[in-house]
Amino acid sequence: MFGELLAPQYLTWLLDGFLLTLVLSALACLFSTALGFPLCLARLSPRRLWSWPARAYLMVFRTTPLLIQLFFWYFGVTSLLPEDLVAWLNMPHEVALGPAHLEWPSFEFIAGLWGLTLYTSAFIAEEFRAGVASVRDEQRAAGLALGLKPAQVWRYVILPQALRTALPPLLGQYMNALKNSSLAMAIGLAELSYASRQVETETFKTFQAFGIATLLYIATIAVIEVIGQMLQQRKRFRRGVI
Amino acid sequence: MNRTDGASFMNWKTMKKLTALTALALAVVSGLAHADRLEDIKKAGVLRVAAFDSNPPFGFVDPQSKQIEGLDVDYAKALADKLGVKLQLQPTNPANRVPLLVANKVDLVLANFTITPERAEQVNFSIPYFASGQQFIVKKGTLKSQEDLNGWRVGVDKGTVNEGVLRKKFPGAKVVAYDDTPFAFTALRNGNVQAITQDGPKLIGLLANVPDRDKYEVPPFTISNDLIGVGIPKGETALTEFVDKTLLELEANGQAQKIYDSWFGPQTKTPLERLYKIGDKS
Amino acid sequence: MDFTVIRDNLGYFLLGAYPDGPLGGAALTLALSVLSGLASAIIGLGLGVALTLIRGRRRLPLLAVLGFFRAIPVLMLIFWAYFLLPILFKVDVPALATVVCALSLIGGAYLAHSVHAGIRSLPEGQWAAARALGMRPGQVLRLVILPQALPIMLPSFLNQWVALIKDTSLAYVIGVGELSFVATQVSNRVMVHPTEIFLFVAVVYFVFCASLDLAAGLLARRRSRRRQVSA
């Protein structure tokens with residue numbers, strides 16, 4: 001079980017899995033932030049037409065397990081989609097971005113990204129909302145009294161303060177997205193956890209396979225944590241100067 | 001944090017507490033530092049066996065009794081009866097079989113467990129009690145020649161021999177691994193993979209329970225010959241000898257044939273000729 | 001969609017093989033989450049108080065341990081506890097206990113920081129005043145600080161509980177027969193109704209978690225209203 005070090009080929013598997021984990025969670029964070037922000041605005045909207053659907057979305061996606069959501073999207077919804085669409089999604093396509101050619105992602109990647117994004121966006125919307133709620137009502141009133149339009153109040157008064165408050169919990173959600181990406185192994189996506197199981201199956205070096213994967217997760221979380229600390233220090237510094 | 005720091009954090013008192021805790025844990029937990037598992041099983045009066053819960057007819061949850069039933073389970077029952085102990089079943093998927101044995105979570109694995117030299121370094125195997133070959137399920141008429149598989153997306157189970165064999169025989173195939181065969185089959189139904197591969201009898205057992213089984217086929221070729229044995233913790237010689245002896249007895253007194261017939265006999269959903277008998281030279 | 005598959009297997013979804021076998025399904029999910037919820041509350045409270053009381057370099061190992069449990073994916077921790085602890089330390093933990101331990105350690109690590117923040121949110125004067133009255137630090141905590149801080153923390157306890165209920169679904173990797181596990185069993189048997197089954201399972205989790213979530217929201221609102229009234 002301990003024995004000699006894993007053969008290079010298996011280290012490559014783990015590394016490939018790690019890269020996929022990084023790409024998957026980075027994209028999921030990006031998209032869910034982009035989705036979470038309008039969700040938060042809709043949730044805060046005084047119009048029920050906007051706030052109620054947002055409320056329902058947040059409730060449903062926050063209170064059901066990600067594993068079940070992934071199963072639902074990958075095994076459930078796919079069975080309802082038209083066959084041609086699924087076949088198209090599964091076929092390799094060339095995505096040309098200027099001179100760079102991107103490989104078309106596997107269907108498991110698309111489903112995993114979709115599921116992880118929808119799930120994470122609900123939490124990110126709530127963090128934004130908590131950030132906005134932390135800005136006192138008087139601030140808004142003061143902004144309006146200074147003759148700013150409501151949109152300007154949002155842009156110049158509420159958002160800068162809300163984002164500052166929301167930054168640490170937002171980074172926490174990014175860490176969660178990274179950890180949660182491990183569940184995508186249940187739908188056959190070859191990310192880090194999957195790779196560690198694969199290596200374990202082939203080599204039976206259980207301790208090394210899981211040890212390396214665990215260390216990679218923890219190291220990445222630590223890096224995010226450090227980045228967060230640095231951002232906050234800089235922010236405090238800037239606030240002190242201005 | 002360096003070593004001297006760590007030492008200063010852990011003073012003598014916590015050390016003593018930890019030792020006491022470990023001792024307590026060791027005392028509470030049974031089945032550790034055993035000299036002989038066979039004796040332990042007899043003493044405990046329970047045989048812990050890992051079996052499949054989603055792979056008819058080897059091991060599956062019966063909708064009526066809500067218990068795990070199947071061919072593997074019948075062998076497990078026979079072993080427990082012979083020992084005169086209670087049978088306790090632990091559901092497992094393919095990937096958990098070796099870890100369950102190595103971590104001493106179960107005494108035996110009867111879960112369509114293919115005997116391989118690599119696995120034999122981690123666990124003991126009994127003599128084979130079943131034989132099968134790796135085959136495929138595809139949508140009817142889609143597979144024109146075996147070579148097609150080289151460009152296809154093929155679903156396998158994590159932690160199976162099939163995965164390695166597939167990689168070797170069809171290096172061009174894109175392997176997608178799932179937790180269990182029915183997951184892989186659902187992916188095939190949905191069109192996410194174009195074929196799935198597993199031991200033939202397992203695939204036939206799976207198809208027998210699919211409502212629209214006419215749309216699928218098992219092409220008549222095998223890419224490996226596998227012998228299925230009982231997985232036993234490494235180094236448990238007495239337990240291995242007991243399992244071997246019991247399996248031979250089951251064959252001699254006709255019970256093995258009876259078990260086979262009740263799952264693969266002509267009257268079943270999955271009629272399959274019995275080509276391998278326990279004790280045959282492989 | 002055809003929901004007869006749900007009706008036919010309802011008993012199995014809710015109770016597992018019980019009473020002919022071990023308790024499973026939604027009932028086991030509830031039992032697991034109640035147990036790990038209580039355990040994580042105790043761990044979180046203990047470690048949160050420790051975070052507040054311990055100063056200086058002795059705090060580092062505590063922070064490291066908390067950081068570890070917040071950084072490791074639940075799935076990985078369950079693997080470690082179930083398959084690797086017996087090999088490394090010869091400690092055998094049964095599957096159910098593994099899940100409860102793993103979940104309550106992770107939940108406790110998160111709660112510890114909430115508890116710490118809740119205690120720190122009280123004005124420093126409270127500590128000073130209680131110490132001036134001659135109370136020992138333990139008494140200050142028990143009689144003055146915690147009675148005020150606990151209501152502030154209650155919503156985060158409930159939120160953590162919601163997270164725990166969802167995380168019990170990960171017990172499927174080691175074959176614990178909770179709701180998600182029995183659902184995949186049934187889905188694997190009937191094979192043609194994954195959408196209906198996972199939708200139903202999602203609804204059950206939704207009912208469990210949404211009611212807790214509503215309770216947390218209600219509590220938070222009542223608190224802020226009371227604060228406004230008293231202010």
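Buried means under 20% relative accessible area, exposed over 50%, and partly exposed in between, with a 1.4 Å probe and protein chains only. The model is predicted: local features need pLDDT of at least 70, side-chain atom pairs count only at pLDDT 80 or more, and totals for chains, interfaces and linings use all residues. Residues are numbered from 1 along each chain as its sequence is written, chains are lettered from A and ligands numbered from 1 in the order in which they are written, and side-chain values use heavy atoms, with hydrogens and water left out.

Start with the charged pairs. Side chains of opposite charge can pair when their charged atoms come close. A salt bridge here is a side-chain nitrogen of Lys or Arg within 4 Å of a carboxyl oxygen of Asp or Glu. Over all chains the structure holds 16 salt bridges.

One of them lies in chain B, where Lys82(B) pairs with Glu249(B), the closest N and O atoms being 3.0 Å apart. Lys82(B) lies in helix H4 (residues 71–83) of chain B and Glu249(B) in helix H10 (residues 237–252) of chain B, so the bridge ties together parts that are 167 residues apart in sequence. Helices (H or I, at least four residues) and strands (E, at least two) are DSSP runs, numbered from the N terminus. Lys82(B) is partly exposed at 41% relative accessible area, and Glu249(B) is partly exposed at 29%.

Asp212(B) takes part in two salt bridges, one with Arg189(B) at 2.8 Å, N to O, and one with Lys215(B) at 3.4 Å, N to O. Arg189(B) sits in helix H8 (residues 181–190) of chain B and Asp212(B) in the loop between helix H9 (200–208) and strand S12 (216–217) of chain B, so this pair links parts that are 23 residues apart in sequence. Asp212(B) is buried, with a relative accessible area of 18%. Arg189(B) is partly exposed at 24%, while Lys215(B) is exposed at 52%.

Now turn to chains A and C. Contact means heavy atoms within 4.5 Å, and 37 residues of chain A are in contact with 35 residues of chain C. Buried area is the accessible area (1.4 Å probe) that two parts lose on being put together, summed over both. Chain A and chain C bury about 3100 Å² between them, 79% of it on carbon and sulfur atoms. Thr63(A), Ile68(A) and Lys179(A) supply 18% of the area that chain A buries against chain C, more than any other three residues.

Across this interface the rule finds 1 salt bridge. It joins Asp213(C) to Arg62(A), with the closest N and O atoms 3.3 Å apart. Arg62(A) is in helix H2 of chain A and is buried, at 13% relative accessibility. Leaving aside neighbours within four places in sequence, Arg62(A) is in contact with Ala122(A), Phe123(A), Glu126(A), Val162(C), Lys166(C) and Asp213(C).

Chain C also carries a record annotation. UniProt, in an unreviewed entry, places the feature "domain: ABC transmembrane type-1" at residues 26–216 of chain C; UniProt positions are given in the numbering used here, feature names are shortened, and annotations may be inferred rather than shown by experiment. Over residues 26–216 chain C is 83% helix and 0% strand, and the end C-alpha atoms are 22 Å apart.
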